[in-house]
Amino acid sequence: MFDPAQLRTFRTVAQTLSFTQAAQRLGLRQSTVSQQVRKLEAAAGRQLFLRDTHSVELTEDGEAMLGFARAILEANERAARWFAGARPRGRLRFGASEDFVLTRLPEILEGFRRDHPRVDLELTVELSGTLHALLDAGRLDLVLAKRSPDRPGGQLVWRDRLVWIGSDRLRIEPDRPLPLILFPPPGLTRARALDVLERHGRAWRIACTSGSLNGLVAAARAGLGVMAHTRGMIPPGLVRVPDRVGLPDLGSVEFALLRGTGAGAAHGGADALAAALLAAGDRLHRGG
């Protein structure tokens, strides 16, 4: 038998790839988080994380444990919701960034609607920068989007690397401007990619701009250029650009939940949806 508290801690570390961030999200000491992971590894008889002073990564056994942990915890949490008594109701305006168009978010929202039939969920899909503005204007109650450098708040859902991706048939010529496939402003990934290229003195040109992730993916599959994308959410038909090409490192990206300041009927629904997204965060970027 695996301890649900240890499984919850393990899942949070797997999502954030940080013992420090996991401790903050769970309201625990970092030493407690480390101790619970060690106990879970001892119970499993396997190493679940590869960790050093700079990074945390799941092992192959860790990936397997993540699937088991998800199933066990989802069953526990579903039972807890069933017997919790009063259920939230009312209108909930939820915003999700374009990054989630090709992920398992629809399944998570379907489960939320099944568990909370009295919540009238309204979904807005936009660029992260646009969602931040809508939240500030009071037009959304809850947002799942990239963290902006000038807005570090919210609840961290997970952290990952940004990488360059494209068609496996694309050939990048080092003496010619790099062809880019980009979201329009105020896309945060766009801003990061252009800033990194400028700082490294790499010439570039815009080969495609689209506000739709499907449009960007179609252009990339056609070999028009490369795009910056989250490592754990690479769409089918595209691959990472090999390191030997020499494109500059894009750094990490964080996805967070941000809440509106309004109270009222949406508050309980926002809490419930936030809990569901935090619990299922690894499904969004691992596809499992």
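1. Please keep in mind throughout that this is a predicted model, and that the distances and angles quoted here are computed from it.

2. Helix α2, which covers residues 19–26, packs with helix α3, which covers residues 30–44, at an angle of about 105° and with the two axes 8 Å apart. Because angles of 65 to 115 degrees count as roughly perpendicular, α2 and α3 are therefore described as roughly perpendicular to each other. On the α2 side the contact is made by Phe 19, Thr 20, Ala 22 and Ala 23, and on the α3 side by Gln 30, Val 33, Ser 34 and Val 37; by type, the residues of this contact comprise 5 nonpolar and 3 polar ones, with no charged residue.

3. The structure holds 5 aromatic pairs, and one of them, formed by Phe 100 and Phe 255, is edge-to-face, with 5.4 Å from centre to centre and 65° between the planes. Phe 100 lies in the loop between β3 and α5 whereas Phe 255 lies in strand β11, so this pair ties together parts that are 155 residues apart in sequence. Phe 100 and Phe 255 are both buried.

4. Strand β11, residues 252–259, also contains Glu 254, whose side chain is joined to that of Arg 147 by a polar contact of 2.7 Å and to that of Arg 159 by a polar contact of 2.9 Å. Leaving aside residues up to four places away in sequence, the residues that Glu 254 touches include Gln 21, Lys 146, Leu 156 and Trp 158.

Methods
Residues are numbered from 1 along each chain as its sequence is written. This is a predicted model: local features need pLDDT of at least 70, side-chain atom pairs count only at pLDDT 80 or more; totals for chains, interfaces and linings use all residues. Side-chain values use heavy atoms; hydrogens and water are left out. Axes are lines fitted to C-alpha atoms, for helices over the stretch in contact, and angles run from 0 to 180 degrees between N-to-C directions. Helices (H or I, at least four residues) and strands (E, at least two) are DSSP runs, numbered from the N terminus. Angles under 35 degrees count as roughly parallel, over 145 as roughly antiparallel, 65 to 115 as roughly perpendicular and the rest as oblique. Contact means heavy atoms within 4.5 Å. Ala, Val, Leu, Ile, Met, Phe, Trp, Tyr, Cys and Pro count as nonpolar, Asp, Glu, Lys and Arg as charged, and the others, Gly among them, as polar. A polar contact is a pair of N or O atoms within 3.5 Å; within protein, one must be able to donate a hydrogen and the other to accept it, and residues adjacent in sequence count only if both atoms are side-chain atoms. Rings of Phe, Tyr and Trp (its six-membered ring) pair if their centres lie within 6.5 Å; planes under 30 degrees apart count as stacked, over 60 as edge-to-face and the rest as tilted. Buried means under 20% relative accessible area, exposed over 50%, partly exposed in between (1.4 Å probe, protein chains only).
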